Amino acid sequence: MRNDHLKLCLVDMNNGVANEATRCFRRISDAFQARVRAANPRLETSLKHVQPRNLGELPGEDMDLVLSSGGPGSPYDGYEDPWCTGYRKFVDSVIERSLQRAATAPGLLVVCHSFEIVVSHLQVAKLQPRDKRKFGVMPAYMTPEGMRSPLLSPFGDRLFAFEHRNWEAVDLDEKRLRELGGQLLARESRDGVSKGRGLMAFKFAPGVEGTQFHPEADRAGVVAWINKPDMAAAFKDAYGDYTYEQMIDTLADPTRLARTFALLIPGWLTREFNRLAAARGWQPLGPPVQDMTEFQKEFPAAV
């Protein structure tokens, strides 16, 4: 059993388009690897960056922890191309290995575009275009299962995260999800209807979890997006000046976007690492803690 190297993989679905998400994922990965090495000085760690859509690259079967990103365009773009059939086979292999030997199987977390591909592939819901693009910092509301899940339990009954999507998963197939051993963890609305019908987070099956929203988004990335005149104008046209100002205020609230960035993916990485650590003799990690130092420097009145 390999026990001297932790292999992480970032599956970049941005199709070669410049984006903030890759920087954010790398920032999270770098901080996590530093925590791992501090607790396990002799353990080698690495991050492999693969780009399926534009370069045809796929995560290897030897990866331990895999983060799979969002990206532009339809989730059906290239769906039957070799990169996507290979990616979907990888998803299946994660589930199969998790069922066979959960202690040492890889873990996969999928976001936005990757989430949509997995929804379609596993057929747990209907995937459809939205009437209008949804974008900005928005809430997601936990189901009872979500509030108990290790992925979302730190956030209570809702969290705030960045969204940028033209598609949505609706009409949950509860029977299919039960067959897979999955759970619906979050919705677009508390009641499932009033703010939208979107299904926002799943435990899809053993080894595979995911979110429609972007838990990797940090304040710097959202501000860079807001500061683009066309994006700011589009947001105000879609949601109004008042909602735009509310979004600005949200960025200065440490319990909202900053908390999601600090705890969701770092929490998933920590949990998955500790699962592997128990089988490989590594020193486990404590839960991630939101570091308020930088936030307090920029927003001293908010803390």
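Predicted model: local features only at pLDDT ≥ 70, side-chain atom pairs only at ≥ 80, totals over all residues.
User: Which residue in E2 stands opposite Val-11?

Analyst: E1 and E2 (residues 44–50) run parallel. Seven bridges join them. Opposite Val-11 stands Val-50.

User: Which strands stand at the edges of the open sheet of nine strands?

Analyst: The strand order is E2-E1-E3-E4-E9-E8-E7-E5-E6, with mixed pairing. Each edge strand has a single partner strand, so one side of each lacks a neighbour in the sheet. The edges are E2 and E6 (158–170).

User: What is the bridge partner of Tyr-141 in E7?

Analyst: Strand E5 (residues 126–142) pairs with E7 (residues 183–187). The sense is antiparallel, over two bridges. In E7, the partner of Tyr-141 is Arg-187.

User: How are H1 and H10 set to each other?

Analyst: H1 (residues 21–39) packs against H10 (residues 257–280) with the axes 10 Å apart. The angle is about 45°. Angles under 35 degrees count as roughly parallel and 65 to 115 as roughly perpendicular. H1 and H10 are therefore oblique.

User: How many residues of the contact of H1 with H10 are nonpolar?

Analyst: H1 brings residues including Phe-25, Ile-28 and Phe-32, and H10 brings residues including Phe-261, Leu-269 and Phe-273. One residue of the contact is polar and two are charged. The nonpolar residues number ten.

Notes
Residues numbered from 1 in each chain as written. Heavy atoms only, no water. Axes fitted to C-alpha atoms, helices over the stretch in contact; angles between N-to-C directions. Helix = DSSP H or I, 4+ residues; strand = E, 2+ residues; numbered from the N terminus. Parallel < 35°, antiparallel > 145°, perpendicular 65-115°, else oblique. Contact = heavy atoms within 4.5 Å. Nonpolar A, V, L, I, M, F, W, Y, C, P; charged D, E, K, R; others polar. Pairing = 2+ DSSP bridges.
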